[in-house]
Amino acid sequence: MSDTAAVQSPWQTAGIVRIEKRTPRVTSFFFQPSRPFAYRAGQHVDVRLTAPDGYQARRSYSIASAPETNGAIELAIEKLDDGEVSPFFHEVAAIGDEIELRGPLGGHFVWPKDESGPLVMVGGGSGVVPLMSMIRHRAARNSAVPVVLVFSARVWDEVIFRDELIALDERQDGFELVLTLTREAARRPADYARRVDVAMMAQAMARLPEPPGLAFVCGSNAFVSAAAQALIDAGVAAEIIRTERYGV
């Protein structure tokens, strides 16, 4: 995020209009901004909380909803026990509460306007959130761009948006879902039970009708490094890989 982008996106209030549990540690909060809010699939917002004594805590969260969604924007927030912001949302926040947010921010990790070529997406844990915005955007536009999503989670119950992703996969309209669980056996015949690697990336790309035009990778620093290298080792040019990292 650039300083220029932050200056051009002033803070505004947004009310919580809906709360939906996604996994044991991830909950979606739907916010209604006080001003019109247009964004691109893959962008994020800054959230600011202010304590009674004036102390402020800020965090960035990717938008999970599609730009075509009218009104509320969805932020899927993972609870971090040592965090300053996520425990507030999971333990205190309620429908009707107002928070401050700023955005949309980010212009690199977004759905390509020209939709040139198939896309490979690789997400680890909550790193799937901006990818979900892109996938929902594709569905809302009835886009024919081929997409394969490789989504790594520890266990089945931690697969964020699991039912929705499986339903989109079953439409057989060019979107392919590949799940890999690192601490549990695979639940679907074509899925995996290991960390992402070169063979997995090669097999995922084989589901596309032609080589990818872009690759998106989002997750923890360690996950993104491993996944991006696996893509490169599987033959993807480094210059078409876009990454977004968080945490350690």
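Predicted model: local features only at pLDDT ≥ 70, side-chain atom pairs only at ≥ 80, totals over all residues.
Start with the whole chain. Its secondary structure comes to six helices and 11 strands. The radius of gyration is 18 Å, close to the 18 Å that the globule rule gives for 248 residues, so the chain is as compact as a globular protein of that length. Along its principal axes, the C-alpha trace spans about 55 × 40 × 30 Å.

Next, look at how the chain is packed. Buried residues make up 50% of the 248 residues. The chain exposes about 11,500 Å². Carbon and sulfur atoms supply 49% of that area. Now take the contacts with a separation of 6 or more. Residues 24 or more positions apart account for 71% of them.

Phe31 gives a view of the interior. This residue lies in strand β2, which covers residues 26–33. Is Phe31 buried or exposed? Its relative accessibility is 0%, and buried means under 20%, so Phe31 counts as buried. Its contacts come from several stretches of sequence.

The aromatic rings come next. A pair of such rings is described by the distance of the centres and the angle of the planes. The count comes to five aromatic pairs in this model. One of them joins Phe31 and Phe89. Their centres are 6.0 Å apart, with 85 degrees between the planes. Planes over 60 degrees apart count as edge-to-face, so this pair is edge-to-face. The pair links distant parts of the chain: Phe31 in strand β2 and Phe89 in helix α2 (residues 86–91), 58 residues apart. Both Phe31 and Phe89 are buried.

Phe109 and Phe216 are both buried. Return to Phe31 for one more grouping. Phe29, Phe31, Phe88 and Phe89 form one aromatic cluster.

Now turn to helix α3, residues 129–140. It has 12 residues and reaches 17 Å from its first C-alpha to its last. That is close to the 16 Å expected at 1.5 Å a residue. How many of its 12 residues are buried? The number is 10, and α3 is mostly covered. Among the buried residues are Val129, Pro130, Leu131 and Met132. Arg136, His137 and Arg138 are buried as well. Just after α3, Asn142 takes a positive phi of about 55 degrees.

The last stop is Asp169, in helix α4 (residues 162–170). Its relative accessibility is 15%, under the 20% limit, so Asp169 counts as buried. Which residue does its side chain meet in a polar contact? The partner is Arg188, at 3.2 Å between the side chains. Leaving aside neighbours within four places in sequence, Asp169 is in contact with Phe175, Glu176, Leu177 and Arg188.

Definitions and conventions. Residues numbered from 1 in each chain as written. Heavy atoms only, no water. Helix = DSSP H or I, 4+ residues; strand = E, 2+ residues; numbered from the N terminus. Expected span 1.5 Å × (residues − 1). Buried < 20%, exposed > 50% of the residue type's maximum accessible area, 1.4 Å probe, protein only. Polar contact = N/O pair within 3.5 Å; in protein donor to acceptor, adjacent residues only side chain to side chain. Contact = heavy atoms within 4.5 Å. Rg over C-alpha atoms; globule rule 2.2 N^0.38 Å. Areas by Shrake-Rupley, 256 points an atom, 1.4 Å probe, with all protein chains shown as cover. Phe/Tyr/Trp six-rings, centres within 6.5 Å; stacked < 30°, edge-to-face > 60°.
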